[in-house]
Amino acid sequence: MLGLMTARSNKKLVSGDIGSAYLNSYTKEKIWTTLGPEFGGIAGRAQVIKSLYGLITSAHAWFELFTSTIRKYGFKSSSVMPCLWYKLAEEGESYDYLSHHVDDFLITSNECNNFIKTLKKEYAVIGGEFPSMHLGMNLQQDKNENSLMC
C-alpha cells in the first residue's frame, strides 16, 4: 500500500529501525527477579521496570509508546489499517505516510530527513535511506517511470 502511494506521489521512501525498541517503554506490572552471582555475590532482588523482550505485555507497551510519539509529530492513524499513518505535508497540498511493524518503519515524504532527525532525539534510529529490502521484501524504485517494484 505504501509503495503505491510512494510511486504515485513521487516522494522519497525511507526506512528505519528503532534499536532496542522494547527497552524504551516501561512495564506496568510489578516484576521482580533474584540477582545472580554476577552481581558480586550479594543476594537480593531487583524490580524490572523496562519492557523486556519475552514479557507478554512488552509488545503492547512499545506499540503504545511509539504510536504516541507518531501522534506527537502530527500523524493520524488510518481507520482501516492501524499501522498506516498519514499527515498533511508541509507544503499543504499532499500527504506524508508512515507505516510500522514493531520497530521497523517506512516513511513516504519529501521531509524524511527531518522526521528521522527528530525521531533520533528520542530513539536510537538506524537507517534513513531507500530500503532495498524491508521486512523480507526486495524493493526497487524507477523514478523515470514513477514506479516501485516489490
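Where is Ser20 found? In this predicted model, Ser20 is found in the loop between S1 and strand S2, the latter spanning residues 26-34.

**Two loop residues with positive phi**

Ser20 has a phi near 45°, a positive value in a residue other than glycine. Val102 sits in the loop between strand S6 (95-101) and S7. The table sets these two residues side by side.

| Residue | Phi | Relative accessible area | Class |
|---|---|---|---|
| Ser20 | near 45° | 45% | partly exposed |

**The nonpolar core**

The largest nonpolar core contains 19 residues. Those with the most contacts inside it are Ile18, Phe66, Phe75, Leu98, Phe105, Phe115 and Leu119. Two or more residues of this core come from each of strand S1 (12-18), H2, strand S7 (104-109) and H3. The greatest contribution is that of H3, which gives four residues.

Leaving out residues up to four places away in sequence, Phe66 touches Ile18, His100, Phe105, Leu119 and Tyr123. Of these, Ile18, Phe105 and Leu119 are also listed among the residues with the most contacts inside the core.

**Helix H3**

Helix H3 covers residues 112-119, and its buried residues are Cys112, Phe115, Ile116 and Leu119. Seen down the axis of H3, these buried residues fall within an arc of 95°, so they line one face of the helix. The spacing follows a general rule: an α-helix has 3.6 residues a turn, so residues three or four places apart point the same way.

**Helix H2**

Two residues of helix H2 may be considered in turn. Thr67 belongs to this helix, which spans residues 58-72. With a relative accessible area of 4%, Thr67 is under the 20% limit and therefore counts as buried. A polar atom of the Thr67 side chain lies 3.2 Å from the backbone oxygen of Glu64. Apart from its neighbours within four places in sequence, Thr67 is in contact with Trp85 and His100. His100 is also touched by Phe66.

Arg71 lies in helix H2 as well. Is Arg71 buried or partly exposed? Its relative accessibility is 49%, and Arg71 therefore counts as partly exposed. Arg71 and Trp85 are 14 residues apart in sequence, and their C-alpha atoms are 9.0 Å apart in space.

Key. Residues numbered from 1 in each chain as written. Predicted model: local features only at pLDDT ≥ 70, side-chain atom pairs only at ≥ 80, totals over all residues. Heavy atoms only, no water. Buried < 20%, exposed > 50% of the residue type's maximum accessible area, 1.4 Å probe, protein only. Arc of directions from axis to C-beta. Polar contact = N/O pair within 3.5 Å; in protein donor to acceptor, adjacent residues only side chain to side chain. Contact = heavy atoms within 4.5 Å. Core = buried A, V, L, I, M, F, W, Y, C linked by side-chain atoms within 4.5 Å.
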